[in-house]
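Me: Could you walk me through this protein step by step? I would like to learn how to read pockets, cavities and charged pairs.

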Amino acid sequence: MRFIGIPIKSLRFLVIITAVILYNGLPINAQIGIMNTNPPSVKWQYIRTPGFNIIFENSIRNEANRLAASLESIYHPVSSALFVKPGRTAILLQNQSVISNGFFSTAPVRAEFGMYPSQDSNLPGLLGWTDMLSVHEYRHVAQFRKSIRGFNKMVFFLFGYSASGVLSHLAVPEWFWEGDAVWAETILTDGGRGRIPNFGMLMRTNLLERGPFNYNLQYLQSFRLNVPDYYVTGYYLTSYLRKTYGNETINKVLEKTWSLPFLPYRFSGRLKKFTGHSLAMNYRMMISNLNTTWEQQLLGISPTNADIVTRHRPVRYTDYEFPAYMSDGQIFSLKSGIGDIQTFVVFDSSGTENKILNPGVTNFNGYPTAAGNKIAWNELAFDPRWPTRTFSDIKVYDMKSKEIIRITRKGRYSSAGLSPDGKRIVTIEVTTGLDYKIQILDASDGTIIETLGNPAGYFYLTPRFSFDGSKIIFIA
């Protein structure tokens, strides 16, 4: 006897092997890693709505109430394009960590939101931090619910969420999971990373400067070339597939793939069946479409004149970020790349690069700054007992004395903007209750010089001193 062309004996063997592997399978997360445990002093509460159980600590009740209404409003729009109705989902709001992230997990099924907002304006864009997380992570919930069908549904009933989650991710490439979630952010809101030029900058640069990479290099990336991650690749490819063939066709591909997720190359085979083109061919067509669009956008644009500071061409790709002039005319930057751990460097007038130091575990929720003869940055600190509780402190390096000073301890600071004379730092303190305060600190010892009020409850981004040090400039 045969089942869908597979001998019953072979199918039994396959099911047994799959069961053994998946019974102890790992939980599937949108980002690897779970935020572990909170201190027992954190008292949890919850709000129950038709679609969600929202679990939170009491100090962020107002935000939890707002999110409850917001999540209910996106329940149908986020899942409808996948033709699925997810059941009630647990959403855990983590307010003890300073790591700006979120993830979806199948063990148990839930989404966790790191409530400490990112200072990177290129991440949420026009959206609020938790609004972006809501759409993105709930799209993962809908994707997973969609995957519970056919053979995978049998695995789900026999071995639970983790086992079916492993098969779901093995069957459909990671670029689709993340790219489709970014597509949802973009198509269903006024923001989303797909609308932010910085998000696709590297892919656009590679295409216009180097020409297209093949599919395998673009997806699997490279140790030699700087290739964007699967969020970027997935967004453009998913958008192209949905725009070209429509949601119904893509849903047929997904349904047939997840019904028999153990078959090799099932996704690419179903894609060719329902679109008439292989995965590699669809990728090439997408690249051709992007190239035409981006070439047209360049017409009539004249780049401004610029002086090249770094003249060498390393074999391995290298990034120089957050450049700033020092008082002696040198240029400060953070250097990193496939061959370099994060390093603070300066360039003299001849373009010669000199290493300053390697910072610790950095938290660039505000980016390093340099002024006078000092450098300031945010660095992560960890609670040795409660892994979920983390801190973000400010460190200062004096280039004259060659001394590193940690001016705060167990803080929750975003950003570290030095004044032109290097004597003050403007920063943002974010409490566990999500109150945002702009503070001016003494750069030598962290003493609070002034705290600026925030009666409207704005979220602040990247405060900096003006060139003469008389004003503070920030985004609210």
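Predicted model: local features only at pLDDT ≥ 70, side-chain atom pairs only at ≥ 80, totals over all residues.

Me: Which residues lie nearest the centre of the second largest pocket?
Reply: On a 1 Å grid over the protein atoms alone, a pocket is an open set of points with protein on both sides within 12 Å along at least five of seven lines, whereas a cavity is a set where a 1.4 Å probe fits but cannot get out; lining residues have an atom within 4 Å of a point. Helices α2 (61–80) and α3 (129–147) each supply at least two lining residues here (helices are DSSP runs of H or I, at least four residues, and strands are runs of E, at least two, numbered from the N terminus). Of the 27 lining residues, those nearest the centre are Gly128, Tyr436, Gly457, Tyr458 and Phe459.

Me: How much space lies in that second largest pocket?
Reply: Grid points are joined across faces, edges and corners, and a volume is the space filled by probe spheres set on the points. For the second largest pocket, that gives about 680 Å³.

Me: Is glutamate 63 buried or exposed?
Reply: Buried means under 20% relative accessible area, exposed over 50%, and partly exposed in between (1.4 Å probe, protein chains only). Glutamate 63 has a value of 19%, so it counts as buried.

Me: How far apart in the chain are glutamate 255 and lysine 146?
Reply: Their side chains form a salt bridge of 2.7 Å, N to O. The pair links helix α10 (residues 247–259), which holds glutamate 255, with helix α3, which holds lysine 146, and they are 109 residues apart.

Me: Which strand holds glutamate 379?
Reply: Lysine 395 and glutamate 379 meet in a salt bridge of 2.8 Å, N to O. Lysine 395 lies in strand β14 (residues 390–398), and glutamate 379 lies in strand β13 (residues 374–382).

Me: Which helix gives the most to the lining of the largest cavity?
Reply: About 50 Å³ of space lies in this cavity. Its lining includes Met203, Asn206 and Leu207. With three residues, the helix that gives the most is α7 (residues 201–210).

Me: Which side chain makes a 3.0 Å polar contact with asparagine 38?
Reply: Asparagine 38 lies in the loop between α1 (8–23) and β3 (44–48), and at 14% relative accessibility it is buried. A polar contact is a pair of N or O atoms within 3.5 Å; within protein, one must be able to donate a hydrogen and the other to accept it, and residues adjacent in sequence count only if both atoms are side-chain atoms. The partner at 3.0 Å is glutamine 94.

Note on methods: Residues numbered from 1 in each chain as written. Heavy atoms only, no water. Salt bridge = Lys/Arg side-chain N within 4 Å of Asp/Glu carboxyl O.
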